[in-house]
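Subject: Structure for you to look through

Hello,

I am passing on a structure that I would like you to open beside this message, reading the notes below slowly and checking each one by eye.

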Amino acid sequence: MWLQKNSVFLLSALILFSLLQVSTGTAFEPKKFFSFFFIDEKQKSYIVYLGSHEHGEAATDADFDRVTEAHYDFLGSYLGSSEKAQEAMIYSYTRHINGFAAMLRDEEAAEIAKHPKVVSVFLNKGRKLHTTRTWEFMLMEKQSGVISPASVFSKAKFGEDTIIGNFDTGVWPESPSFRDGGIGPIPSRWKGSCEGGSPDFHCNRKLIGARYFNKGYAANVGASVLKNGTLNTVRDYEGHGSHTLSTLGGNFVPGANVFGFGNGTAEGGSPKARVATYKVCWPPVNGSQCFDADIMAAFDMAIHDGVDILSLSLGGDPVDYIEDGLAIGAFHAFRKGITVVCSGGNSGPKPGSISNVAPWVFTVAASTLDREFDSVVELENGKNFTGASLSNAMPQKKFYPLINGLDAKLANATDGDAILCKIGTIDPEKAKGKILVCSRGQTARVEKSFVAMEAGAVGMILCNDEASGNEIIADPHFLPASQLTYEDGLQVFAYLNSSKNPMGYIAPPETKYHVKPAPFMASFFSRGPNKITPEILKPDITAPGVNIIAAYSEAASPTEMPYDKRRVPFIIMSGTSMSCPHVAGIAGLLKTLHPEWSPSAIKSAIMTSARTRDNKGEPMRDGTDFKEATRYAYGSGHVRPNRAMDPGLVYDTTIDDNLNFLCALGYNQNQIMAFSGARHHECPDAMSVLDFNYPTITVPTLYGSVNVTRRVTNVGSPGTYFARLHTPSGLSISVTPKVLKFESVGEEKSFKVAMEVTKPGPSIGYAVLTWSDGKHYVRTPITVGGIKGNKG
């Protein structure tokens with residue numbers, strides 16, 4: 001226990017001291033660069049990652065300041081002086097993550113990267129945001145709002161005193177979702193603070209923490225942007241952060257609705273949890289709005305503050321783990337027992353587009369609810385098509401002339417832009433008084449309705465493109481409108497092309513419940529396989545992410561467009577940004593119910609209890625074409641919270657397991673040591689990534705045969721579990737042993753899965769291993785990417 005108050009800085013100092021011990025004449029001699037007290041155009045923002053800090057509990061601000069000084073000294077050895085280093089530095093990560101962000105030239109970054117104690121140097125990359133009925137749909141409450149004593153809501157006391165952090169666009173603190181009625185004193189273990197950035201921003205016993213991080217953003221767009229008051233506050237001016245934060249942990253709000261639709265009680269997944277917001281996302285610049293330097297700074301502080309769960313509805317293109325600021329931050333959170341839940345992205349349905357793929361991250365896909373906001377399109381030829389909308393009613397219940405964007409185009413507009421109803425393409429003389437028919441794509445759905453309204457149209461029919469397929473989203477359009485599926489849209493266009501005087505009507509929207517089939521996978525969701533480590537199946541799970549009602553910012557319009565002057569306390573959004581906080585809220589319930597569970601145990605419980613069938617009892621479908629969805633779309637399946645609270649067995653992983661995983665990927669001993677902090681870790685002589693103790697088993701390509709090892713930990717009552725296999729043609733799979741007997745909680749058993757090709761073929765093989773004691777069913781998906789027979 002000697003590494004405490006007076007010595008807490010020792011490890012970081014020793015590491016950084018070694019960084020500075022460079023012999024004269026080597027490649028690491030301090031460089032004689034010019035001093036740049038103002039950023040020049042050749043500089044870029046980089047992150048220099050040095051590994052972990054191992055501070056004791058008694059660490060003080062003075063200790064953290066000494067880490068920053070050491071960072072200045074190290075960077076100064078390359079820039080010429082500590083003063084120049086201070087000028088260049090954006091962040092010094094001092095608490096759990098060891099490293100810094102700074103403005104550097106490419107050649108400076110390259111020299112720093114050569115040092116043997118530096119884990120990685122990478123650009124401060126930008127990321128995007130991945131942009132109620134759900135708890136009833138997941139059987140956590142009944143339609144009447146009554147909550148069963150057997151529900152995970154009741155058993156986990158609604159997530160009482162669990163602390164959930166959210167990295168997003170901030171929060172609208174006045175929202176009723178963040179009132180602290182019925183909430184007790186703030187847990188004494190909380191070390192965070194309320195740094196709202198403005199006098200009118202207040203926290204309470206519900207919203208217990210608020211911080212913002214904008215230096216990485218400013219480094220990319222220019223420091224002058226920080227003169228804008230909206231960029232120096234946690235207050236949410238976009239609405240995305242308020243929506244996600246209330247979804248994961250909002251308090252009970254009766255009578256929540258959007259323009260009168262979907263009326264009911266809004267609550268988050270852990271409605272009695274404490275929530276904290278870390279604002280890391282800002283107005284988009286070149287498609288990016290959340291930068292790695294800010295994300296890593298937020299991780300460093302959130303870990304220090306004492307969160308239990310972190311939710312991040314943001315992401316970017318997958319990159320190597322040691323060049324991924326989010327993956328690095330999540331790893332440090334995992335080391336401290338914090339579950340990190342991330343959205344998988346909205347770049348679907350392209351294969352391999354999945355984001356946030358590190359195995360210590362819980363990656364969430366998006367699927368539908370059994371609630372829809374129906375708006376029927378009626379054609380004069382007698383055909384009706386059910387679409388979706390949150391718009392108002394048409395002026396009169398009668399048929400109106402129909403015209404497509406192509407026929408309504410201005411003379412100087414291109415055909416392609418007009419059919420998409422882009423701004424500046426529609427002629428008011430042609431569209432006035434008619435229903436404008438537009439194709440989905442390239443521009444925002446609600447922007448198309450604005451174009452229709454400006455052109456004098458009385459309504460709009462929005463027809464999906466082929467990529468969007470059957471996914472229709474209820475939007476708050478500017479005029480009566482309905483969005484139709486791709487196939488229904490084709491019939492509308494066929495009618496337009498075949499009729500001399502096409503007529504139609506859009507019925508007012510109605511809220512419909514118990515819709516079948518549900519869930520099905522959203523077409524916008526990014527798909528696997530995992531491009532960084534194909535042996536790890538991603539996504540991990542799917543949850544509701546389409547047409548989700550939650551809190552909103554009253555500084556933003558429902559359409560997020562400047563010319564929309566409407567303001568609402570609740571709004572509907574869709575995206576993996578919405579599904580991610582559902583899982584984070586459920587993770588909060590499990591953490592309350594089982595405070596001793598590790599992040600891996602929580603993740604395993606949710607994954608192995610998931611379901612892959614819809615409410616018709618049929619395999620889940622893909623919203624793109626309504627064919628059967630695959631594991632590269634839904635992972636282990638759709639979350640079932642009530643089953644997750646008592647999974648029986650879990651696939652647990654330790655810090656050593658994750659370090660061994662990095663060893664198997666080829667990371668060197670210096671990198672592993674930096675990740676592990678003060679703990680000495682030797683890579684095993686031989687380890688296969690296939691043996692990483694994940695709740696799924698994935699073999700990208702199988703040549704001949706392979707053996708895979710897993711271990712499970714008993715978290716339930718004593719029992720005997722029997723293995724049951726569902727195996728596709730072309731594969732022979734066996735499990736050894738076939739019976740696992742557990743006599744106590746915490747007991748661990750290993751087993752081996754042997755796979756052999758019996759009939760080579762190009763198809764993907766989907767198998768399932770289920771361990772059951774008659775009460776618990778521990779489902780383990782086995783995916784073989786290609787069955788190739790013997791190699792060579």
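Helix 8 (residues 240-249) is mostly covered, with 10 of its 10 residues buried, where buried means under 20% relative accessible area, exposed over 50% and partly exposed in between, using a 1.4 Å probe and protein chains only. Among the buried residues of this helix are His-240, His-243, Leu-245 and Leu-248. Helices here are DSSP runs of H or I with at least four residues, strands are runs of E with at least two, and both are numbered from the N terminus.

Please keep in mind that this is a predicted model, in which local features need pLDDT of at least 70 and side-chain atom pairs count only at pLDDT 80 or more, while totals for chains, interfaces and linings use all residues. Residues are numbered from 1 along each chain as its sequence is written, and side-chain values use heavy atoms, with hydrogens and water left out.

Next comes the nonpolar core, a set of buried Ala, Val, Leu, Ile, Met, Phe, Trp, Tyr and Cys residues joined through side-chain atoms within 4.5 Å. The largest one has 115 residues, and those with the most contacts inside it include Phe-167, Phe-299, Leu-312 and Trp-360. Helix 9 (residues 292-305) gives the most to this core, with nine residues. A second, separate core of 25 residues includes Val-712, Ile-733, Phe-751 and Val-784. Leu-312, when residues up to four places away in sequence are not counted, touches Phe-167, Ile-295, Phe-299 and Cys-580, among others, a contact being heavy atoms within 4.5 Å.

As for the strands, two of them pair if DSSP finds at least two bridges between them. An open sheet of four strands has the order 11-12-5-14, with antiparallel pairing, and its edge strands, which pair on one side only, are strand 11 (281-285) and strand 14 (314-315). Within this sheet, strand 5 (residues 126-129) and strand 12 (residues 288-291) are joined by two bridges, and Gly-126 has Phe-291 of strand 12 as its bridge partner.

Elsewhere, strand 32 and strand 34 run antiparallel and are joined by four bridges, with Phe-742 of strand 34 as the bridge partner of Gly-719.

Best wishes
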